[in-house]
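Visitor: I am new to this structure. Please take one part of it and show me closely how its pieces pair up. Then place that part in the wider picture.

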Amino acid sequence: MPAVSKGDGMRGLAVFISDIRNCKSKEAEIKRINKELANIRSKFKGDKALDGYSKKKYVCKLLFIFLLGHDIDFGHMEAVNLLSSNKYTEKQIGYLFISVLVNSNSELIRLINNAIKNDLASRNPTFMCLALHCIANVGSREMAEAFAGEIPRILVAGDTMDSVKQSAALCLLRLYKTSPDLVLMGEWTSRVVHLLNDQHMGVVTAAISLITCLSQKNPDEFKTCVSLAVSRLSRIVSSASTDLQDYTYYFVPAPWLSCKLLRLLQCYPPPEDGAVKGRLVECLETILNKAQEPPKSKKVQHSNAKNAILFEAISLIIHYDSEPNLLVRACNQLGQFLQHRETNLRYLALESMCTLASSEFSHEAVKTHIETVINALKTERDVSVRQRAADLLYAMCDRSNAKQIVAEMLSYLETADYSIREEMVLKVAILAEKYAVDYSWYVDTILNLIRIAGDYVSEEVWYRVIQIVINRDDVQGYAAKTVFEALQAPACHENMVKVGGYILGEFGNLIAGDPRSSPLVQFNLLHSKFHLCSVPTRALLLSTYIKFINLFPETKATIQEVLRCDSQIRNSDVELQQRAVEYLKLSSVASTDVLATVLEEMPPFPERESSILAKLKKKKGPGAVSTDLDEGKREGGGDLNGGGERAPDTSVIAASNASTPSPSADLLSLRAAPSIGSAPPSTGSLLVDVFSEVGPAVPTSRVNDDGFLRFVCKNNGVLFENQLLQIGIKSEYRQNLGEMYLFYGNKTSVQFVNFTTTISCLGDLHAMPQLNVQAKPVDPIVEGGAQLQQVLNIECLSDFSDAPLLNIRFRYGGAQQNLTLKLPVTINKFFQPTEMGSQDFFQRWKQLSLPQQEAQKIFKANHSMDSEVLKAKLLGLGMALLENVDPNPENFVCAGVVQTKAQQMGCLLRLEPNAQAQMYRLTLRSSKDTVSKRLCELLAEQF
Amino acid sequence: MIKFLLMVNKQGQTRLSKYYEHIDLAKRTSLEVDVIKGCLSRKKEECSFVEYKDYKLVYRQYASLFIMVGVSENENELAVYELVQNFVEVLDKYFSRVFNQIMFNLDKVHIILDEMILNGHIVETNKSRILAPLIALDKMAES
């Protein structure tokens with residue numbers, strides 16, 4: 001092996017690098033670099049033309065400087081020049097520089113594309129690979145436009161070299177990710193899938209990434225890959241390791257390829273074909289068996305590679321969730337790993353078992369490992385492993401072991417790392433609520449939580465305990481007694497004061513009979529904490545005091561005195577001052593009856609999904625909470641507009657409310673707080689019920705209808721674009737049904753989070769209803785540069801004039817973005833063209849002669865009056881353009897039938913251009929007045 | 001998929017970085033600082049996988065060199081862990097004394113990486129095939 005080739009030794013570069021390495025300080029390094037940059041700049045600017053070698057040397061230096069983390073703002077042109085060199089080394093440095101430094105918006109792309117085109121046509125495999133790598137690395141829109149047609153051809157051509165195929169596969173994947181609309185796989189699909197059968201393992205390795213991505217997007221078109229993948233996998237798994245020569249890694253045949261094959265299979269349900277399925281099950285069993293065999297090598301690389309495949313196979317088994325035998329075997333295997341001496345394996349086993357716990361077939365088997373997992377939580381030295389153990393305990397928890405697990409988690413909390421405390425608190429709170437049989441245990445658990453980790457107990461947690469206590473009268477007395485005892489502690493957490501204050505304010509009377517907790521004792525206890533608390537807590541306590549006046553008239557004088565003192569009624573905090581003044585006045589003005597009514601015990605809270613659960617979901621993303629906890633979510637998905645999983649309108653309400661100042665901890669506003677402050681759209685089934693009567697609420701942001709009119713005569717295009725987001729539309733209509741694809745493109749390099757879209761049909765669209773729009777839910781995250789697709793199914797029930805609204809919300813950087821667009825669904829989309837002769841046409845025209853059946857408009861031309869342009873527009877409208885019907889050849893007439901579910905409406909159109917006056921007269925006649933009118937409005941803007 | 005790969009020395013200086021998704025230069029620096037701090041501070045007996053923001057980090061230490069790979073949530077950790085080993089073995093095969101030569105031959109390390117990982121996906125794992133273009137390059141340079 002050549003050590004380091006001296007042949008192309010760029011001495012200047014080596015010296016420069018040595019200099020940098022010898023720099024003693026960052027400042028010295030920067031100084032040396034700046035000197036070099038100045039030198040290079042002068043060389044590039046100089047009069048003397050540089051030869052290829054010098055160009056290469058300087059570009060290479062720039063590259064090196066960039067790789068050290070310094071920005072480079074010149075040299076791009078010189079790098080592009082290197083691309084056209086015939087010397088491989090020069091070309092290669094040029095491409096490397098461009099791959100690393102040129103971003104996709106560069107103005108140089110055209111020049112680069114030219115060089116790439118030449119190299120792709122060169123039939124020199126090394127040049128082709130360089131060019132393909134470059135496309136794969138830069139992957140800009142312009143590149144997709146230039147090469148998306150060419151690359152599939154290179155990929156499947158019989159005479160393409162294997163290495164070129166590999167590069168082409170990943171290159172195509174990149175283009176597909178950046179510009180899916182430009183990569184049309186149609187005719188290539190089957191040949192690409194058959195790359196799984198390619199003799200060359202490297203080609204399969206590369207192609208499988210492409211196929212996996214394409215399968216995720218178009219599972220049906222690619223489903224033949226399942227049987228091919230199974231047979232490929234089977235050949236690898238069953239082969240003796242020597243068969244695969246260079247693709248064997250420490251005696252494991254093709255480990256990475258095996259993992260990728262198993263991953264591809266996870267895009268699909270279990271194979272339906274019995275033979276394929278049998279073969280696959282056999283493979284999976286073989287993989288499980290191999291885990292039990294003695295290792296072929298003592299090297300850790302051997303067992304790691306083997307286990308990589310094993311874990312991927314287990315993922316597939318869990319994904320299928322249909323083979324009890326395999327699931328239990330997987331669980332046993334993981335159980336062995338739980339005690340393995342390799343930390344990595346213990347970590348992965350805990351992680352993998354977490355998903356196994358949610359399968360009904362293996363839940364029990366997972367539970368048998370509870371002691372090992374608890375032990376891991378206590379003794380693992382690595383926090384990330386302990387975290388996995390805690391996750392697994394959470395996942396395996398059910399009624400039978402809840403008390404044990406909650407107790408273990410609580411005791412772990414006392415010493416837990418700060419980084420995971422908040423999550424642990426949420427989990428304990430959820431388990432305690434979910435598996436509570438007797439609610440005194442629940443109350444104890446939550447109060448313990450506050451005691452142990454008060455700082456990490458979020459509002460949701462203490463709101464929730466109060467909701468539950470209020471809703472269950474069997475636990476109220478116990479709760480009052482327990483909080484009273486907890487408050488005795490000399491130092492207790494402010495959250496404890498909040499819960500205590502609230503609960504005693506409601507149910508203090510239940511323990512007031514005991515002289516040790518008489519009303520005054522309760523009051524003095526609470527008031528002793530008052531001055532140490534923050535403003536919101538003090539505000540809550542003031543409300544407790546006024547409630548005390550109602551519950552215990554004997555405390556009235558004491559409390560009034562407290563309210564009257566300067567530190568209350570003259571408090572500099574407006575909220576506290578107002579409460580003190582109002583409560584004081586209320587207590588002295590109102591009669592006992594009025595007081596009793598105003599300060600009545602809180603009514604029960606409506607049952608709703610635990611806000612804590614919502615918070616955990618938000619924290620961990622949707623997959624993290626085991627599915628049986630998600631019941632509330634399923635119920636919550638209202639069918640208002642068929643919004644699918646998310647109830648569309650609550651998101652609007654919840655979010656608009658969320659922007660009001662956060663409710664201070666107030667007895668009265670507390671009631672609403674948990675549902676508003678914490679509600680992701682899916683939680684508020686209550687709000688759905690309330691608003692379903694009146695129809696959807698109007699989104700708050702301004703409706704943007706700029707793009708709307710551009711789509712009257714076309715179905716595809718860009719609906720909206722700003723600096724962050726581009727929204728493209730592709731739509732297709734047949735009879736009264738339509739399918740619309742929305743493409744949300746993130747134009748930035750930063751991900752959008754909490755990305756939600758809501759389609760709302762307002763007014764008559766919803767009330768009649770005229771239109772039914774079903775939207776598939778979208779991922780909440782749009783990666784930088786990525787595109788998200790959403791499908792809408794549209795059904796036209798009767799004729800309509802309004803357009804549905806699309807509301808988009810997401811967070812970009814720290815800022816909430818909110819956008820509402822008019823969706824271009826117009827009545828003409830449901831046209832069925834009708835061909836007819838002149839006689840027919842005029843006969844029908846006359847039949848539709850009632851004044852209300854006609855709508856007419858005379859308007860000035862806004863666009864070109866060229867007859868070809870007009871024709872194209874009218875064809876786009878969806879009606880049949882009738883030739884030789886109108887006696888005046890300048891005029892256009894059209895006929896069509898609007899298809900709705902309720903009825904069909906014939907419609908005739910006549911457009912009379914007057915080129916001299918630059919005017920049009922547009923006449924529409926239809927059996928329904930609203931249709932003529934609406935079409936006339938829409939079309940008057942088109943010409 | 002693989003989101004980025006870093007080669008870092010024991011002092012925590014990045015020797016090589018390769019990103020497979022676009023991240024602004026400014027953010028790269030802060031990401032590298034976090035990642036390097038996170039991995040370097042871990043002890044030998046701790047596991048080689050760390051969660052960091054939306055990434056999973058898989059890292060491996062070779063004497064004074066650390067290799068850290070950021071991967072997406074669904075990536076197979078052990079497969080990536082051994083991919084790093086394979087990468088190092090390829091470097092070892094090409095350069096006689098790996099760690100000194102990397103700095104002088106960053107371009108070649110990039111070529112090697114490009115042959116192994118493209119676009120965040122594994123393209124080739126066979127050592128001789130990974131090195132084939134580089135060896136062709138050296139031959140050309142010598143002649």
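Guide: Strand S12 (residues 831–833) of chain A pairs with S15(A) in the antiparallel sense, over three bridges. This is a predicted model. One contact point can be named: Phe831(A) has Val898(A) in S15(A) as its bridge partner.

S15(A) covers residues 892–899. Strand S14 (residues 880–882) of chain A also pairs with S15(A). Here again the sense is antiparallel, with three bridges. Look for Leu882(A): its bridge partner in S15(A) is Val893(A).

Next comes strand S16 (residues 904–914) of chain A. Eight bridges join S16(A) to S15(A), and the two run antiparallel. Find Val897(A) and follow the bridge to Gly906(A) in S16(A). S15(A) and S16(A) make a hairpin, with four residues between them. Strands of a sheet pair through backbone hydrogen bonds, either parallel or antiparallel.

How covered is S15(A)? Mostly: seven of its eight residues are buried. For the chain as a whole, buried residues make up 55% of the 943 residues in chain A.

Now step back along chain A. It has 43 helices and 17 strands. Among the contacts in chain A with a separation of 6 or more, 68% join residues 24 or more positions apart.

Another group of strands is worth a look. Five strands of chain A form an open sheet, in the order S4-S5-S6-S9-S8, with antiparallel pairing. Its edges are strand S4 (717–721) and strand S8 (771–775) of chain A, and each of these pairs on one side only. Neighbouring strands of this sheet are turned by 25° against each other on average, direction ignored.

Helix H21 of chain A takes in residues 383–396. At 1.5 Å a residue, its 14 residues should span 20 Å, and its end C-alpha atoms are 20 Å apart, so the two values agree. H21(A) is mostly covered too, with 13 of its 14 residues buried.

Chain B comes next. In chain A, 68 residues are in contact with 62 residues of chain B. Together the two chains bury about 5,900 Å² between them, 55% of it on carbon and sulfur atoms. On the chain A side, Arg21(A), Leu67(A) and Trp256(A) lose the most area to chain B, together 12% of what that side buries. The count of salt bridges between the chains is three. One to find is Arg381(A) with Glu45(B), where the closest N and O atoms are 3.5 Å apart.

Finish on chain B itself. Lys53(B) sits in the loop between strand S3 (49–52) and strand S4 (55–62) of chain B. Is Lys53(B) buried or exposed? Its relative accessibility is 67%, so Lys53(B) counts as exposed. Leu31(B) is 22 residues from Lys53(B) along the chain, and their C-alpha atoms are separated by 10.0 Å.

Methods: Residues are numbered from 1 along each chain as its sequence is written. Chains are lettered from A and ligands numbered from 1 in the order in which they are written. This is a predicted model: local features need pLDDT of at least 70, side-chain atom pairs count only at pLDDT 80 or more; totals for chains, interfaces and linings use all residues. Side-chain values use heavy atoms; hydrogens and water are left out. Two strands pair if DSSP finds at least two bridges between them. Axes are lines fitted to C-alpha atoms, for helices over the stretch in contact, and angles run from 0 to 180 degrees between N-to-C directions. The expected span of a helix is 1.5 Å times one less than its number of residues. Buried means under 20% relative accessible area, exposed over 50%, partly exposed in between (1.4 Å probe, protein chains only). Contact means heavy atoms within 4.5 Å. Buried area is the accessible area (1.4 Å probe) that two parts lose on being put together, summed over both. A salt bridge is a side-chain nitrogen of Lys or Arg within 4 Å of a carboxyl oxygen of Asp or Glu.
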